[in-house]
Amino acid sequence: EIYTEQIVGSVRCVQETGTWDSDKVQLKTGLEDYSSHAEQLKFELRTIGKKYMEIDHKARCEHCSKTLSPQYFYGFPCKHSFHGDCLIEILRQYDPFIGKV
């Protein structure tokens, strides 16, 4: 919807100012960028189903030793798993700005 409004606005501007050629190029570039981003999102949505791992319901955080569920956690291919907060705590030892917004 946002892009539709931008396109309509650009066409109106072009009609009023007569700057068709340069605006047409900008509009075409914008649409190509939008299309490229849309294709990237489609690809990511198709592959996201392949990015998961099964864990035992008794699995524990490697840092605090508490059970992982129901908290947000990260699991790695090496089978180590950490609560999100615990992982940030570990990483802050190396970079104090990690996890700060």
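Helices (H or I, at least four residues) and strands (E, at least two) are DSSP runs, numbered from the N terminus. This is a predicted model, in which local features need pLDDT of at least 70, side-chain atom pairs count only at pLDDT 80 or more, and totals for chains, interfaces and linings use all residues. Residues are numbered from 1 along each chain as its sequence is written, and side-chain values use heavy atoms, leaving out hydrogens and water.

Q: Is Ser65 buried, partly exposed or exposed?
A: Ser65 sits in the loop between helix 2 and strand 1. Its phi is near 70°, a positive value in a residue other than glycine. Buried means under 20% relative accessible area, exposed over 50%, and partly exposed in between (1.4 Å probe, protein chains only). Because its relative accessibility is 46%, Ser65 counts as partly exposed.

Q: Why does Lys79 count as exposed?
A: Lys79 is in the loop between strand 1 and strand 2 (81-83). Although not a glycine, Lys79 has a positive phi of about 80°. Lys79 counts as exposed because its relative accessibility is 60%.

Q: Which peptide bond is cis?
A: Pro70 lies in the loop between helix 2 (20-48) and strand 1 (73-75). With omega near 5°, the cis bond runs from Ser69 to Pro70.
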